[in-house]
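Let's take a walk through this one together. Have the sequence and the 3D view open, and we'll go from one chain to the contact and then into the other chain.

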Amino acid sequence: MVNNDYTHWQHYAIGGSSSPTIFSQGNRFLAPNDEDHKEVTKHFKSSEREWKKWNWRSEGDLMLNGAFFTPSGAGATARYDRASSMAARPPLLVPSLTAGAGALRCKNGHLCGH
Amino acid sequence: MSFYCRSINGSRRNLGYLSCGTGNPIDDCWRCDPNWERNRKRLASCGIGFGKNAIGGRDGKVYVVSDPSDNPMNPKPGTLRHGVIQEEPLWIIFKRDMVIKLHMDLLVNSYKTIDGRGATIHIAGGPCIKVHNKRNIIIHGIHIHDCKRGGSGYVTDFPNHRSWSARSDGDGITISGASHVWVDHCSLSNCFDGLIDVVHGSTAITISNNYMTHHNKVMLLGHSDSYKDDKNMQVTIAFNHFGEGLGGRMPR
């Protein structure tokens, strides 16, 4: 997950079961006002003892309105280098990087806009 | 490529609010070009992340969709389904704005690009897109919403070949047993199951620049803990906006 803009969620943003590797870099997470759902992450079908071993890592994410990411596993190890597919940009740039998300309007001879 | 983008950026002031050179590496690769229509296939070299080698229909002809109708058993030339089932690589574009209500999942074959630029294209109100055991597919610039479960039945999946298709999941896009798939700049909302589900040993997938709204279970990566082939699944999720009305699974 790289440079995404998470502006709305009701329950959680990123979840998993069965030991997935998750590398969250340079995302912007804006938690809902609901005090019970500030956590970005959710671990399914597993005891805490078990999921503490899963490789979930947050690096350079911007946490707003009380959002928090619960990291687990080995942290900054070689395993994460393999999971990383691209370089992230600073999360303050995310609103402009994602301003054109979704289908664009394109007319021949003009730049595609939104 | 970098020289090209820089020289275009020099005249950026005249382009008003239109974003170009924003630092989004995918967009900066092609959006600074007002002649995007002539250079459509440039997009195929703009991917990033695990799905960046998806070339879609880059090496094939351009196929123009002119007819929004859908006949899953006998797809008519000019329809979207007739294009996606061909065996040769095709870069599929649209003649005008259309709402395409499919009657069965659209089974996309390998080496296809579905490029909605230049028209407003909605795939909505019926079953939607499925990539099953295929590779090298780009889906760009399509509005995909209100996707429903269809019935089971025979569907033409290659020219002169039909196969039995089980009931669809009701996903916006199902990516199953597939590799080198890139979904970029689509708007997805309000489907029966997932907006984009990646399952059954799929890998080398990039999901970028999409705007997702109004949906509970947004993206499922791997449908079952006991499915061992999904241990190798690699998916990049970048520059998406997860917006209003979403529940969770971004992804799970």
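What percentage of the 114 residues in chain A is buried? Buried residues make up 40% of them, where buried means that 20 or more other C-beta atoms lie within 10 Å of a residue's own, exposed means 12 or fewer, and partly exposed is in between, with C-beta atoms placed from the backbone.

Before going on, a word on how to read all this. This is a predicted model, in which local features need pLDDT of at least 70 and side-chain atom pairs count only at pLDDT 80 or more, while totals for chains, interfaces and linings use all residues. Residues are numbered from 1 along each chain as its sequence is written, and chains are lettered from A and ligands numbered from 1 in the order in which they are written.

Back to chain A. It has 3 helices and 7 strands; these are DSSP runs numbered from the N terminus, with helices being H or I of at least four residues and strands being E of at least two. Along the principal axes, the C-alpha atoms of chain A fill a box of roughly 60 × 35 × 25 Å. Of the contacts in chain A with a separation of 6 or more, 66% link residues 24 or more positions apart; a contact here means two C-beta atoms, placed from the backbone, within 7 Å.

Now look at where the chains touch. The contact takes 40 residues from chain A and 45 residues from chain B. On chain A's side, strand 1 (5-6), strand 2 (14-16) and helix 3 (94-97) each supply at least two residues, and the largest share, 3 residues, comes from strand 2 of chain A.

Strand 1 of chain A also runs parallel to strand 21 (residues 241-242) of chain B, joined to it by 2 bridges; strands count as paired if DSSP finds at least two bridges between them.

Finally, head into chain B and find strand 16 (residues 203-208). Since 6 of its 6 residues are buried, strand 16 of chain B is largely enclosed by the rest of the structure. It pairs in the parallel sense with strand 13 (residues 179-184) of chain B over 5 bridges, and there Trp182(B) has Thr206(B) as its bridge partner. Strand 16 of chain B also pairs, again in the parallel sense, with strand 20 (residues 235-238) of chain B over 4 bridges, where Ile207(B) partners Ile237(B).
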